[in-house]
Amino acid sequence: MGAFLRRRLLAVIPLVLLVTSLVFSLVLLLPGDPAVALVGLENVTEEKLAAIRERMGLNRPLYVQYGLWLARAARGDLGTSLRTGQPVIEALRDRLPVTLGLAVAATAFGLLLGFPLAVVAASKRGGFMGSCASGIAAFGVAVPNFWLGSMLVLALALHLRWLPATGYASPLEAPWDGLRHAILPTLTLGASAVAEITRQLRSALQDTLNTDYVRTARAKGLAERGVIWKHALRNALIPMITVSGLTISRLVGATVVVESIFALPGLGRLNLEAVLTRDFPMLQGAVLVMVLIVIAVNLVSDVVYGWVDPRIRLS
Amino acid sequence: MKRIGVVTICALLAAWLGADPALAQPRAGGVLRVALRAEVSTFDPHKGASGTDHMYLYPVFDTLVRFDDKLQPRPGLAESWETPDPKTLILRLRKNVKFHDGTPFNAEAVRFNLLRAQDKTVSSMVSELINIEAVEVVDAFTVRLRLKRPDASLVLAFTDRAGMMVSPTAVQKLGDQFGRTPVGAGEYRLTKWTPGDSVRLDRFQEYWEPGRPYLDGILIRIMPDGDTRVNALRSGQVDFIMEIPTQDFASLKGEKGIKTYEGPSLAYWRIYLNMSKPPLDKKAAREAINLAIDRAALVRTVMFGLTDVAVTPFPSVYWASNPALKPWPHDPARAKAKLIEAGLPNGFTFDMVVEPAPEHVRRAEAIQAQLAAVGIKVDLKPMELAKGVQGYFRGQEFMAANYRWTGRPDPDQSVRGMFHSTGFYNPGKYQVARLEELMDQAKSVYKLEERRALYQKIDEIIQQEAVDVPLYVAPVLEGMATNVEGYQPNLLGKPAFRGVWLRPSR
């Protein structure tokens with residue numbers, strides 16, 4: 001297990017380097033000059049631009065800029081926002097909990113609901129309940145976040161007035177308020193997680209139900225419930241570790257939309273604002289953090305997978 | 001007996017007036033919750049360049065001059081001003097005014113502010129104050145500005161960033177941090193800024209105007225998405241929103257507990273033409289474009305009828321606009337005749353940059369179809385704004401651009417920017433000598449009536465020379481809870497919450 005873990009961790013380093021260099025250069029490829037964005041187009045003079053480029057290091061070769069950025073990033077300094085002057089790291093620290101909380105809550109919701117749905121869909125295949133469960137899964141995959149979010153707001157916030165339509169409250173500072181504010185975004189973001197988990201677990205479960213050992217269990221006269229819960233589910237669960245990891249990664253990306261709909265001060269919106277205002281240091285920082293989250297989640301799910309299924313460790 | 005009758009009637013009248021909520025006395029207290037599209041970039045009024053900052057800056061920084069609903073100058077921190085000769089502007093300042101940190105406001109403070117706003121290393125508004133040669137302190141509450149050349153646009157420039165007064169002691173103490181912890185002399189102080197989420201402003205207890213402000217505070221929440229702002233207002237989470245998406249406005253208008261405001265702004269949609277390039281250097285070709293466009297149809301289809309067609313660079317209610325001018329008629333036959341006159345019987349082709357968002361492309365495609373009907377082919381270039389703006393204005397890579405002109409407080413700032421050969425928004429530096437003479441003349445007279453006459457003449461020549469392709473006025477669309485009282489919209493479309501108070505319930 002130790003060797004496996006070491007191997008996995010070492011593999012992350014080149015990945016992080018590759019990703020950060022990509023993030024860095026992609027951001028610089030964005031159209032629009034950050035120096036121009038900073039002074040305002042009308043006030044632009046060549047000398048002003050030159051001074052800003054000098055100050056921001058934009059006139060140096062790309063690899064030098066990247067090297068300097070990486071060296072500073074390694075020390076935890078991601079620069080300051082071009083727009084507001086706020087240290088990037090401070091903005092990320094403020095906004096990370098919002099996005100992570102949302103992604104984790106949505107995944108938890110997905111597991112909580114996806115799990116029973118998958119069992120129903122797999123075991124009652126062809127029946128009414130099974131079709132319903134499969135239908136819900138298909139709906140969750142097909143429906144776009146922004147549409148679902150708007151519908152939920154319309155029904156639960158504007159019509160019934162049960163929940164707030166927008167905004168964020170920290171669950172640590174105001175638990176009740178935080179919870180109320182979290183429900184709609186979690187449902188919106190979690191819908192696709194429910195669908196994904198249901199579909200994956202259903203097919204894994206169906207595969208397992210067709211294996212020889214399940215047939216043996218059935219032949220021994222075990223009740224169907226025992227077959228599913230005791231024998232089939234356990235094996236079908238292993239791929240769910242990967243699926244959960246992938247789901248979290250995907251949800252982190254989807255927060256861009258959900259955070260906009262509900263006006264949540266998270267990383268997704270930070271990203272969007274940084275793109276629109278050409279706030280390159282902020283954008284580099286925000287993208288970097290989102291990528292690191294995805295890498296970390298994948299690493300954790302790999303390690304857990306290896307721990308649960310020893311065959312993986314050997315490969 | 002007679003007297004008693006009069007008293008009774010007066011009392012009844014007073015009771016009746018008191019019962020009418022529209023005429024009720026302002027009530028103190030309460031926090032106004034506002035949702036805005038964009039976050040403030042910096043609270044340092046001299047440093048920022050973003051047009052969306054003003055809603056945050058107005059409450060914190062009092063200005064030397066204020067504007068009324070027609071954008072005419074009114075006393076602010078300067079109680080009055082005079083121009084003994086065209087190259088001197090004397091400001092007489094209000095006494096007993098303090099900044100939030102207790103620093104007194106006086107002539108020295110004004111001098112400090114104006115020098116800072118002129119400092120190239122700090123300020124983003126150097127060009128507005130370029131004609132100020134010296135700022136002299138005459139006495140504690142009198143400032144004399146010596147000008148390089150007459151500049152009537154200064155007074156209205158002082159209603160904007162250039163007139164926002166910052167505390168000199170705070171600037172010296174805080175340095176670069178001032179933009180995050182501002183100190184002004186406005187009605188409210190910044191008490192909490194949660195970047196990306198909200199800004200909290202609290203009542204400044206020692207504000208100079210007795211009884212003002214009415215509110216205990218203003219909470220501004222940042223909501224970039226238009227539908228989100230509408231939802232927040234509908235659900236009662238905020239009391240005031242601006243920039244309502246046009247498609248939502250009609251449904252919001254009739255809703256219980258909500259009142260809406262729709263009005264013109266100084267901003268308008270236009271086609272920017274690079275008139276140094278053939279065939280747009282020919283007046284007849286530009287006239288053909290103007291005649292081929294059906295502006296009323298654009299207003300109906302693109303703007304849901306929520307605005308008026310644009311005639312001059314200014315909306316009809318603005319003091320500098322020319323009410324005698326008629327909008328360009330939609331006359332395809334005359335447009336074709338103009339093309340022949342320009343020596344282009346088969347029409348011509350030009351490329352036009354437009355923002356890639358659906359509403360913008362929709363408008364540009366409508367224009368494209370209208371122009372095609374007379375034989376003018378438009379090659380649309382949907383392009384991300386920063387790239388398009390840079391390519392068109394600085395790079396001169398395109399013949400035309402379909403963008404909005406965002407209004408400026410003084411008409412000189414608008415017409416000079418777009419139509420003077422030195423203007424940034426005139427990329428080909430096309431020159432109409434008559435127009436430039438009038439602009440310089442208008443800048444050198446200070447009486448509003450005289451200025452008005454000159455700008456009306458300027459409006460007329462802009463239309464005669466067809467140097468503008470105005471489309472429609474950008475409307476101000478705002479919504480608020482019915483208990484929000486005393487709100488005064490302005491032509492800049494940038495709400496200042498001065499005078500706003502809240503009735504206890506919706």
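This report walks through the nonpolar cores, the contact between the chains and the salt bridges of the structure above. Please keep in mind that the model is predicted.

**Cores**

Let's start inside chain B. The largest nonpolar core has 148 residues, and the members that touch the most others are Leu64(B), Phe105(B), Leu145(B), Phe158(B), Ile289(B) and Phe350(B). Helix H8 of chain B, residues 283-292, gives this core its largest share, with six residues.

How much of H8(B) is buried? Nine of the 10 residues of this helix are, so H8(B) is largely enclosed by the rest of the structure. The buried residues include Ala284(B), Ala285(B), Ala288(B), Ile289(B), Leu291(B) and Ala292(B). Arg286(B), Glu287(B) and Asn290(B) are buried as well.

**Where the chains meet**

Now to the contact between the two chains. Chain A contributes 34 residues and chain B 35 residues. About 2600 Å² is buried between chain A and chain B, and carbon and sulfur atoms give 50% of that area.

How many salt bridges cross the interface of chain A and chain B? The rule finds one. This bridge pairs the side chains of Arg278(A) and Glu384(B), with 2.4 Å from N to O.

On the chain A side, several helices each supply at least two residues that touch chain B: H2 (34-39), H3 (46-56), H7 (145-159), H10 (224-261) and H11 (267-276). By type, the chain A residues on this side divide into 15 nonpolar, nine polar and 10 charged.

**Salt bridges**

Side chains of opposite charge can pair when their charged atoms come close. Over all chains, the count of salt bridges comes to 38. The table sets out some of them.

| Pair | N to O distance |
|---|---|
| Asp53(B) and Arg161(B) | 3.1 Å |
| Arg416(B) and Asp412(B) | 3.0 Å |
| Glu460(B) and Lys457(B) | 3.8 Å |

The salt bridge between Asp53(B) and Arg161(B) links distant parts of the chain, with its partners 108 residues apart. Asp53(B) sits in the loop between strand S1 (31-36) and helix H2 (54-60) of chain B, while Arg161(B) belongs to the loop between helix H4 (153-157) and helix H5 (168-174) of chain B. Asp53(B) and Arg161(B) are both buried.

Arg416(B) and Asp412(B) are likewise both buried. They lie four residues apart in helix H13 (residues 411-419) of chain B, so about one helical turn separates them.

Glu460(B) has a relative accessible area of 26%, so it counts as partly exposed. Lys457(B), at 35% relative accessibility, is partly exposed.

Finally, salt bridges with shared partners join Asp151(B), Asp412(B), Arg416(B), Asp440(B) and Lys443(B) into one network.

Definitions and conventions:
Residues numbered from 1 in each chain as written. Chains lettered and ligands numbered in written order. Predicted model: local features only at pLDDT ≥ 70, side-chain atom pairs only at ≥ 80, totals over all residues. Heavy atoms only, no water. Core = buried A, V, L, I, M, F, W, Y, C linked by side-chain atoms within 4.5 Å. Buried < 20%, exposed > 50% of the residue type's maximum accessible area, 1.4 Å probe, protein only. Contact = heavy atoms within 4.5 Å. Buried area = accessible area lost by both parts, 1.4 Å probe. Salt bridge = Lys/Arg side-chain N within 4 Å of Asp/Glu carboxyl O. Nonpolar A, V, L, I, M, F, W, Y, C, P; charged D, E, K, R; others polar.
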